[in-house]
Amino acid sequence: MSEILFEAQGICKKFGDFEALNNIDVSVPKGSIFGLLGPNGAGKTTFIRIINQITLPDKGNLLFKGKEFFPKDIEKIGYLPEERGLYKKMEVGEQCMYLAQLRGLDKAEAKKRLRFWFEKFEIQGWWNKKIEELSKGMAQKIQFVVTVIHEPELLILDEPFTGFDPVNASIIRDEILELRRKGATIIFSTHRMETVEDLCDSIALINKSAKILDGTVAEIRKQNRTNIFKLEFIGNLVNFTNAIWAGAELLEKKQVGDHCTVTLKLLGQNSPNSLISSVLPTCQLISFNEIIPTMSDIFIKTVQAD
């Protein structure tokens, strides 16, 4: 069983009569990328603020490495908020030095680490620019650097790809994976489901203040299988259809000459093996693939059903 770095137990939070979080339990394995998902207004931002000790829960506990999470433990966190917090009139280098030292680095170490990141991102020429002179994507790179500069054990990234073009989004994605490889644990909040499938090991889905789904991405996709398959074959479509009549429902079909593509759903207890056995005498099978719902499909379905 994976070691748990961060855990939330029974977190509840109200603002007046509004219930922002209702009994949230979350366990984040060490060295993993954990997706915190949910529609707007679900409670994700409130939960992130509680982790960062910006606000306190009404009930519940936070644990870090199995021990109570105290305000001093914030130094072990790097937080990239969705709403950026750079001072527009300050020069980039001056601001980075200031924020790095706030995170506990002395001046010499701060300059050394910043030099490394500026060279890595090829942004050495930005040092004397003011933040207001930078594009949104450029400012986002600076924000990312100052978030990771102190090498925190836990990174909380709230929509980290906002403002990036595809090339720079790919660069940041690779850096996130590299940070995990080096031992960082990452809580990743996003609306981009394709990114969840690409990056996350496990997720929790919050809706209407409550957790409604959690687990590894692989487990969740497996649990939401629909028994739908896509087949390509060479043969007679009528003979193929007759062969499956009792075991599957034909959803889509396309035929060009004797090359056919069909999408079908297995019925009852019929298995993929039994389907293949029944159709092989009628055709030359080219491909057979299961269509497993994407995280986007599962997200929409689960939220709508809640």
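Are α3 and α4 roughly parallel, roughly antiparallel, roughly perpendicular or oblique to each other? The structure is a predicted model, in which local features need pLDDT of at least 70, side-chain atom pairs count only at pLDDT 80 or more, and totals for chains, interfaces and linings use all residues. Residues are numbered from 1 along each chain as its sequence is written, and side-chain values use heavy atoms, without hydrogens and water.

Two packed helices are described by the angle between their axes and the distance between the axes. For α3 and α4, the angle is about 140° and the axes lie 11 Å apart. Axes are lines fitted to C-alpha atoms over the stretch in contact, and angles run from 0 to 180 degrees between N-to-C directions. The two helices are therefore oblique to each other. Angles under 35 degrees count as roughly parallel, over 145 as roughly antiparallel, 65 to 115 as roughly perpendicular, and the rest as oblique. From α3, Leu114, Trp117 and Phe118 make the contact (heavy atoms within 4.5 Å) with Ile142, Phe144, Val145 and Val148 of α4. These residues comprise 7 nonpolar, no polar and no charged.

Helices (H or I, at least four residues) and strands (E, at least two) are DSSP runs, numbered from the N terminus. Glu122 sits in the loop between α3 (107-120) and α4 (136-148). Its phi is positive, about 55°, although Glu122 is not a glycine. Glu122 is exposed, at 67% relative accessible area. Ser209 lies in the loop between β9 (202-207) and β10 (210-216). Ser209 also has a positive phi, near 80°. Ser209 is buried, at 5% relative accessibility. Buried means under 20% relative accessible area and exposed over 50%, with a 1.4 Å probe and protein chains only.

Key:
Nonpolar A, V, L, I, M, F, W, Y, C, P; charged D, E, K, R; others polar.
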